[in-house]
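Subject: Handing over a structure, with notes on what was found

Dear colleague,

I am passing a structure on to you, and I would be glad if you could look through it with the notes below beside you. The sequence and the structure come first, and the notes follow them.

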Amino acid sequence: MDIIVCVKRVPATDTQVKVAPDGTSLDPAGVEFVLNPYDEFAVEEALKTREAKGGTVTAITLGPAEAQKELRTCLAMGADKAILIKTGDRVHDGYSTAEILVAQIKQLPHDLVFCGRQAVDGDNSQAAPRIAALLGWPCVTDVTELALEGDAYVAHRDIEGGREVVRCPLPAVISTNKGLNEPRYASLKGIMAAKKKPLEEVEAADVAPATAVVSLSLPPARPEGRIVEGGADAVAALVDAIKNEAKVL
C-alpha cells in the first residue's frame with residue numbers, strides 16, 4: 001500500500017508571534033517552527049498502516065526551503081521518503097494548497113492519504129476534504145479510531161453529543177485527530193537514517209490562491225484584573241462587577 005501524508009510547517013503554539021510590517025503576515029524573526037501537531041498523528045497512523053499492510057510512506061509538504069526540517073522529522077519517525085513542494089514567497093490558501101498537493105500526489109503511487117485535522121496556524125480544516133474532492137475519493141475527518149478491513153476502513157469520530165462510526169471503501173483521504181494514536185519519538189537511529197533517505201524538492205504548480213489576507217492584527221490586550229476586598233461584605237459588590245462590568249451573568 002502506497003501511503004501519502006500531507007504535513008505542514010507551523011509556528012509552535014507557545015511562540016509569541018508578531019505581525020510583520022506589511023500588516024498581512026507574521027514576522028518570522030524569533031519564531032520557532034515545528035511539524036504541525038495534528039500531522040504527527042497522521043504520520044504515526046501512516047507508519048502503523050505500513051507496518052500492518054506493507055508498502056511505503058511518503059511525506060509531502062508545501063512551503064519554503066526551511067520546511068526540510070519538518071520533513072526530516074517525518075523521515076526520522078520512519079517515513080520512507082519526502083517531497084518538498086517549494087512555494088517561494090507566494091502565500092497559499094486552502095484552495096491553492098489542495099490543488100498543488102493533488103497535482104504532486106497524482107504523480108506518485110497513492111492508495112491512501114492522511115492529513116492532520118487542521119493546521120494550528122490557519123485552523124481552517126480544508127486540506128483533507130479538498131484533496132478528497134479533487135481526487136474523487138471518499139473522506140472522513142477528525143478520526144479518533146481507525147481499523148482497516150480488507151479494501152475498506154471503519155473510522156470513529158467524535159461529534160456533538162456522541163460518536164459517529166463510518167465504514168468506507170479504499171482508496172480514501174483521512175484526517176486525524178488527537179486520541180487516534182501516540183506519535184512515536186524519532187530515535188537516534190531514526191535521525192541518522194533520515195539523513196540518507198530521499199528528500200526531493202520540486203517547484204509548486206502555478207496555482208493562484210482564491211483568497212488573500214487583507215489585514216492581520218493581534219487581539220487587544222486584556223485589562224488588568226481588579227480585586228474586590230471586604231470579605232463577606234464584598235459579595236454584593238463582586239456580583240455587581242461580574243454582572244455589569246464583566247457582563248458574564
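A residue is called buried when its relative accessible area is under 20%, exposed when that value is over 50%, and partly exposed in between. Aspartate 123, with a relative accessible area of 43%, is therefore partly exposed. Please keep in mind throughout that this is a predicted model.

**The chain as a whole**

The chain contains six helices and 11 strands, and its C-alpha trace spans about 70 × 45 × 40 Å along the principal axes. Of its 249 residues, 39% count as buried, while the accessible surface comes to about 14100 Å², with 53% of that area belonging to carbon and sulfur atoms.

**Helix 3 and what covers it**

Helix 3 runs over residues 94–105 and has 12 residues; from its first C-alpha to its last it reaches 16 Å, which is close to the 16 Å expected at 1.5 Å a residue. At the start of this helix, a side-chain oxygen of aspartate 93 comes to within 3.3 Å of the backbone nitrogen of tyrosine 95.

Which residues of helix 3 are buried? They are Gly94, Ser96, Ala98, Ile100, Leu101, Val102, Gln104 and Ile105. The cover over these buried residues includes strand 1 (2–7), strand 4 (56–63), strand 5 (81–86) and strand 6 (112–116), and it also includes helix 4 (127–135) and strand 11 (199–203).

**The loop between strand 10 and helix 5**

Two residues in the loop between strand 10 (172–176) and helix 5 (188–194) deserve a description, and asparagine 181 is one that is found there. Asparagine 181 has a relative accessible area of 11%, and because buried means under 20%, it counts as buried. Its side chain is joined to that of glutamate 45 by a polar contact of 2.8 Å, and, leaving out residues up to four places away in sequence, asparagine 181 touches Phe41, Glu44, Glu45 and Lys48.

Alanine 186 is found in the loop between strand 10 and helix 5 as well, but at 32% relative accessibility alanine 186 counts as partly exposed. When neighbours within four places in sequence are set aside, alanine 186 is in contact with Ala76, Met77 and Ile191. The C-alpha atoms of alanine 186 and cysteine 74 are separated by 8.4 Å, although the two residues lie 112 residues apart along the chain.

**Strand 7**

Strand 7 covers residues 139–149 and holds threonine 144, which is buried with a relative accessible area of 9%. The side chain of threonine 144 makes a polar contact of 3.1 Å with the side chain of arginine 163. Not counting residues up to four places away in sequence, threonine 144 touches His156, Arg157, Asp158 and Arg163, and also Asn177, Lys178, Gly179 and Leu180.

Aspartate 142 also has its place in strand 7, and at 17% relative accessibility aspartate 142 counts as buried. Its phi is near 55°, a positive value in a residue other than glycine.

**Other backbone features**

The peptide bond from leucine 170 to proline 171 is cis, with omega near 0°, and proline 171 is found in the loop between strand 9 (162–169) and strand 10.

**Aromatic rings and charges**

The structure holds one aromatic pair. There are also charges placed over rings: the charged end of arginine 9 sits over the ring of phenylalanine 33, at 3.9 Å from its centre, and arginine 117 lies over the face of tyrosine 38, at 5.6 Å from the ring centre.

Terms used. Residues numbered from 1 in each chain as written. Predicted model: local features only at pLDDT ≥ 70, side-chain atom pairs only at ≥ 80, totals over all residues. Heavy atoms only, no water. Helix = DSSP H or I, 4+ residues; strand = E, 2+ residues; numbered from the N terminus. Expected span 1.5 Å × (residues − 1). Buried < 20%, exposed > 50% of the residue type's maximum accessible area, 1.4 Å probe, protein only. Contact = heavy atoms within 4.5 Å. Polar contact = N/O pair within 3.5 Å; in protein donor to acceptor, adjacent residues only side chain to side chain. Phe/Tyr/Trp six-rings, centres within 6.5 Å; stacked < 30°, edge-to-face > 60°. Lys NZ or Arg CZ within 6 Å of the ring centre and 35° of its normal. Areas by Shrake-Rupley, 256 points an atom, 1.4 Å probe, with all protein chains shown as cover.
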